[in-house]
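Q: Could you take a close look at how the helices pack in this one? I'd like the angles, the contacts and whatever sits around them, in one go.

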Amino acid sequence: MLAIRAAKLFDGIGPATVERPAVLVEGGRITGVVPGGSVPAEAGLVDLGEATLLPGFVDTHVHLAFDASEDAVGRLRRAGDEELLDRMRAAARATLAAGVTTVRDLGDRGYLALRIREETAKDPTAGPTVLASGPPLTTARGHCWFLGGQAEGVDGIRAAVRERAGRGVDVVKVMVTGGDLTPGTDPFRVQYNHAELLAAVREAHRHGLPATAHAHSAAGIADAVAAGFDMVEHCFFVTEITDESDATDPGVDYDRRVLDDMVRLGVVASLTLGSLPGGPPPPPRLARRVPGLVAGLAAMREAGVGVVCGSDSGIFPAKAHGSHPYSVAAMVETGFTPLEALRAATSAAARACGVACRKGCIAPGFDADLVAVAGDPLADITAVHAVTAVFREGTRVPLT
């Protein structure tokens with residue numbers, strides 16, 4: 001038995017912290033949480049001093065196959081499988097060292113994330129628990145086509161989903177709109193018609209798999225919700241600005257009817273906010289949208305839409321692997337409370353990813369996935385950047 005003691009503990013639910021807790025661990029699972037720091041005589045003690053213990057973060061949106069370089073797409077396309085796997089292993093270790101003990105990989109090449117899933121299942125120090133989609137479904141030359149997930153037509157999409165189910169993926173991802181990462185695609189345009197989107201969702205559900213939609217634009221989000229997707233990635237309701245001289249156009253349109261449908265149907269928004277500090281300023285087209293995005297997130301909160309926290313790590317340098325704490329902090333910067341942000345990165349994220357029975361909370365029976373930070377993130381969310389210890393399934397992870 002192992003006893004892990006700290007000054008405070010946030011269990012993933014809250015609202016308050018537990019003072020002077022000791023978390024008891026045996027066989028990789030939490031067996032008890034003892035307030036006051038009292039530990040059984042037979043337990044080995046790890047005393048983390050004035051740190052706050054949190055559930056290991058659950059990052060709902062990563063790309064281990066992208067290396068967060070200035071040419072992430074080109075480097076992926078030029079790399080052989082073994083080279084790419086080595087990069088993914090390094091990405092997994094960096095992610096784990098930042099306190100992320102579970103990730104949902106939403107776009108790899110050749111189902112390589114399933115290999116990483118196997119490796120980290122055997123060695124808790126090798127990286128987080130991995131939930132993988134394999135190559136996302138996309139149209140011919142559509143967003144991220146180079147990952148190998150091109151599929152079109154109702155029959156083609158059903159076949160593609162069946163292939164993924166046969167491979168053992170954890171989730172089916174569909175590129176409902178284009179994206180900035182892929183030249184020639186348009187983040188404001190929907191790539192699939194309603195029948196194709198419906199086929200993807202129904203086939204995924206038939207195989208017991210959740211379906212998530214990459215969708216930036218208001219039109220794409222509306223189509224994804226209408227088709228029955230379980231989750232929408234990014235979900236920022238951006239719109240095309242056709243007249244740059246029109247300063248009254250915010251470039252964002254949070255449709256309250258769609259938000260109400262998301263609440264009614266239980267569709268979760270996987271927000272990919274935040275990036276490393278010190279990078280170049282956002283381009284004017286993005287900077288112009290920031291006030292509308294913040295106002296729209298407030299509308300999302302007011303409507304009661306379920307939100308979770310993803311980093312989208314790997315796609316460019318400001319989204320480096322291990323940057324997930326900046327995504328958590330960004331939620332607070334855009335209007336969420338620290339409690340809401342921490343839930344979105346722990347218990348709510350685990351629930352949305354289908355692993356709430358064992359991840360996202362510090363309670364008996366859950367995996368002993370823990371992160372310790374210096375300070376109290378419920379009082380100051382920036383404490384999430386100061387990771388002092390990480391445990392995955394009860395095993396302490398080297399941070400360097």
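A: Before the numbers, a word on terms: a helix axis here is a line fitted to the C-alpha atoms over the stretch in contact, and the angle runs from 0 to 180 degrees between N-to-C directions. Bear in mind that this is a predicted model.

Let's start with H5 and helix H6, the latter covering residues 218-227: they pack at an angle of about 50°, and their axes are 9 Å apart. That angle makes H5 oblique to H6. As for handedness, H5 and H6 cross in a right-handed way. On the H5 side the contact comes from His-194, Leu-197, Leu-198 and Val-201, and H6 answers with Asp-223, Ala-226 and Ala-227. Sorted by class, the residues of this contact are five nonpolar, one polar and one charged.

H5 has another partner to look at. Helix H4 (residues 154-167) packs with helix H5 (residues 194-206) at an angle of about 30°, again with the axes 9 Å apart. H4 and H5 are therefore roughly parallel to each other, since angles under 35 degrees count that way. The H4 and H5 crossing is right-handed. H4 brings Val-154, Ile-157, Arg-158, Val-161 and Arg-162 to the contact, while H5 supplies Ala-195, Glu-196, Ala-199, Ala-200, Glu-203, Ala-204 and Arg-206. In class terms, the contact of H4 with H5 holds seven nonpolar residues, no polar ones and five charged.

Then there's the pair further along the chain. Helix H7 (residues 256-265) packs with H9 at an angle of about 40°, with 10 Å between their axes. That makes H7 oblique to H9. Their crossing is right-handed. Here Arg-256, Leu-259, Asp-260 and Val-263 of H7 meet Ala-299, Met-300, Glu-302 and Ala-303 of H9. The contact of H7 with H9 comes out as five nonpolar, no polar and three charged residues.

H9 also leads us to the pockets. The largest pocket has a volume of about 1600 Å³. It is lined by 48 residues, and Thr-272, Ser-275, Leu-286, Phe-316 and Lys-319 are the closest to its centre. The elements giving two or more residues to that lining are strands E11 (172-175), E12 (211-217) and E13 (231-238), along with helices H8 (284-287), H9 (290-303) and H10 (324-333). By class, the lining of the largest pocket splits into 27 nonpolar, 13 polar and eight charged residues.

The second largest pocket has a volume of about 240 Å³. Its lining has 20 residues, and those nearest its centre are Pro-210, Ala-211, Asp-230, Met-231 and Ala-352. Of that lining, 13 residues are nonpolar, four polar and three charged.

Finally, a couple of backbone details while you have the model open. Most residues other than glycine have a negative phi, and most peptide bonds are trans. The peptide bond from Gly-14 to Pro-15 is cis, with omega near 10°, and Pro-15 sits in the loop between strand E2 (8-9) and strand E3 (18-19). Ala-68 has a positive phi, near 60°, although it isn't glycine. Look for Ala-68 in the loop that runs between strand E8 (57-62) and helix H1 (72-78).

Definitions and conventions: Residues are numbered from 1 along each chain as its sequence is written. This is a predicted model: local features need pLDDT of at least 70, side-chain atom pairs count only at pLDDT 80 or more; totals for chains, interfaces and linings use all residues. Side-chain values use heavy atoms; hydrogens and water are left out. On a 1 Å grid over the protein atoms alone, a cavity is a set of points where a 1.4 Å probe fits but cannot get out, and a pocket is an open set with protein on both sides within 12 Å along at least five of seven lines; lining residues have an atom within 4 Å of a point. Grid points are joined across faces, edges and corners, and a volume is the space filled by probe spheres set on the points. Helices (H or I, at least four residues) and strands (E, at least two) are DSSP runs, numbered from the N terminus. Ala, Val, Leu, Ile, Met, Phe, Trp, Tyr, Cys and Pro count as nonpolar, Asp, Glu, Lys and Arg as charged, and the others, Gly among them, as polar. Angles under 35 degrees count as roughly parallel, over 145 as roughly antiparallel, 65 to 115 as roughly perpendicular and the rest as oblique. A crossing is left-handed if the near helix is turned anticlockwise from the far one by less than a right angle, and right-handed if clockwise. Contact means heavy atoms within 4.5 Å.
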